[in-house]
Amino acid sequence: MALTDVAIEKIKAMILDGRLKPGEKLPREADLAEQLGISRSPLREAVSVLSMLRILDVRRGDGTYVTSLTPDLLLETMSFIIDFHQDSSILDLFEVRRALEPMAAEKAALLMSDDEAAELLALTEAVDADSPVGDVVANDLEFHHRIATAAGNPVLCSFVDSVAGRTQQARIWRGVTQEDSFQQTQREHRAIALAIGDRRPSVAAALSLSHVAGIENWIRRNLTTS
């Protein structure tokens, strides 16, 4: 194993076993190198790698700290990678959505409060067919975000937000090229919201799967013919 990899593993072990906690400052470079039994050069490289992964935060003139390690922060790296997906791989993103969003809807039907469920249903009526496409897409993203948040799993929520946000251009494309896309989306959103409000997790999951799969199939057909 390369010395840099050794340094990464040792720092990771310190975080996992609680010797370094979220928000805590690392020892001085020389002291940490001695403590880990490695030279300062691979330690410096390891810190750089862990900083890019948002595990460590290097503050010039102050030192190096463990970040908050919250899922949304750590998953920024995944979001960065997703940003580079081109149109040809948009279907890969929808495949991930198809796996994640039914799970979120199922959990939301069990955990979302009555007030939140009512607000989710009201959100489906907050835009209409005459609303700008950008407003409709923003409403769509907010709808799925609220469901993911209510699922009570911050990692799942971060994944759903990351993937859904990167399919925004596909949503806009569908909104301006498919004549009845708004009405269809509104019907499907309303059905999902009602299933969540009625505490029917399996129905909410099935409706969510059908919703995402329908968009995916439409995009697949149009990518093939374009």
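Visitor: In this predicted model, at what angle do helix α7 and helix α11 pack, and how far apart are their axes?

Guide: Helix α7, residues 114-123, packs against helix α11, residues 181-197, at an angle of about 170°, and their axes are 9 Å apart. Angles over 145 degrees count as roughly antiparallel, and α7 and α11 are therefore roughly antiparallel to each other.

Visitor: Which residues of α7 and α11 meet?

Guide: On the side of α7 they are Ala117, Leu120 and Leu121, which meet Arg190, Ala193, Leu194, Ile196 and Gly197 in α11. Sorted by class, the residues of this contact of α7 with α11 comprise six nonpolar, one polar and one charged.

Visitor: How should I read the pattern of buried residues along a helix, and which residues of α7 are buried?

Guide: The general idea is that an α-helix has 3.6 residues a turn, so residues three or four places apart point the same way. In α7 the buried residues are Ala117, Leu120 and Leu123. They cover an arc of only 115° around the axis, which puts them on the same side of α7. Turned away from that buried side is a face of α7 that carries the exposed residues Asp114 and Asp115.

Visitor: What is the reach of α1 from its first C-alpha to its last, and what follows the helix?

Guide: Helix α1 runs over residues 3-16, and its 14 residues reach 20 Å from the first C-alpha to the last, which is close to the 20 Å expected at 1.5 Å a residue. After α1 comes Gly18, whose phi is positive, near 90°.

Visitor: Returning to pairs of helices, at what angle do the axes of α2 and α3 cross?

Guide: The axes of helix α2, residues 29-36, and helix α3, residues 40-52, cross at roughly 105° and come within 10 Å. Since angles of 65 to 115 degrees count as roughly perpendicular, that makes α2 roughly perpendicular to α3. Glu29, Ala30, Leu32, Ala33 and Leu36 in α2 meet Arg40, Leu43 and Arg44 in α3, and by class this contact of α2 with α3 has five nonpolar, no polar and three charged residues.

Terms used:
Residues are numbered from 1 along each chain as its sequence is written. This is a predicted model: local features need pLDDT of at least 70, side-chain atom pairs count only at pLDDT 80 or more; totals for chains, interfaces and linings use all residues. Side-chain values use heavy atoms; hydrogens and water are left out. Axes are lines fitted to C-alpha atoms, for helices over the stretch in contact, and angles run from 0 to 180 degrees between N-to-C directions. Helices (H or I, at least four residues) and strands (E, at least two) are DSSP runs, numbered from the N terminus. Angles under 35 degrees count as roughly parallel, over 145 as roughly antiparallel, 65 to 115 as roughly perpendicular and the rest as oblique. Contact means heavy atoms within 4.5 Å. Ala, Val, Leu, Ile, Met, Phe, Trp, Tyr, Cys and Pro count as nonpolar, Asp, Glu, Lys and Arg as charged, and the others, Gly among them, as polar. The expected span of a helix is 1.5 Å times one less than its number of residues. Buried means under 20% relative accessible area, exposed over 50%, partly exposed in between (1.4 Å probe, protein chains only). The arc is that of the directions from the helix axis to the C-beta atoms.
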